[in-house]
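Colleague: Could you take a close look at the salt bridges here, and at how exposed their partners are?

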Amino acid sequence: MILIVLRAKIRPEKHDEWLAGIRQYTADVRSEPGNLSFDYFQNGDDPNEFAMIEVFADSEAGAAHVATDHATKFFAWMPAMVAERPRINYQELDGEAWTEMAEVTPE
């Protein structure tokens, strides 16, 4: 399983364009057969910083993802959106992407 967390600072003047693009990209990635999840989040302190969390079934699914037409177009589009080079945390892990948190149980 592959877990990727990407942080990107968006140019303030590109904020609305970024939101439209990331919404479409999210839908496209979620439709891939090897994608287990894709979500993006806006930083509560910085409205121009976003985190994307991607989970793929395996390295083959990850390789297929970067070869898709929508990923190729998104990666070519992204430089005009970002204020600085994005940061990435890429992990190949055994087992599930998510486990239950031991410290919190709903009442």
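Modeller: Glu49 and Arg7 are joined by a salt bridge whose closest N and O atoms are 3.0 Å apart, a salt bridge being a side-chain nitrogen of Lys or Arg within 4 Å of a carboxyl oxygen of Asp or Glu. The pair links distant parts of the chain, 42 residues apart, with Glu49 in strand β3 (residues 49–56) and Arg7 in strand β1 (residues 2–9); strands (E, at least two residues) are DSSP runs, numbered from the N terminus. Glu49 is buried, at a relative accessible area of 10%, whereas Arg7, at 45%, is partly exposed; buried means under 20% relative accessible area, exposed over 50%, and partly exposed in between, computed with a 1.4 Å probe on protein chains only.

This is a predicted model, in which local features need pLDDT of at least 70 and side-chain atom pairs count only at pLDDT 80 or more, while totals for chains, interfaces and linings use all residues. Residues are numbered from 1 along each chain as its sequence is written, and side-chain values use heavy atoms, with hydrogens and water left out.

By the salt-bridge rule the count comes to five, and two further pairs among them can be described in the same way. Asp39 meets Arg30 through their side chains, at 2.8 Å from N to O; Asp39 has a relative accessible area of 29% and is partly exposed, and Arg30, at 46%, also counts as partly exposed. Glu17 forms a salt bridge with Lys14, the closest N and O atoms lying 3.6 Å apart. Glu17 is partly exposed at 39% relative accessibility, and Lys14 counts as partly exposed at 24%.

Notes: Helix = DSSP H or I, 4+ residues; strand = E, 2+ residues; numbered from the N terminus.
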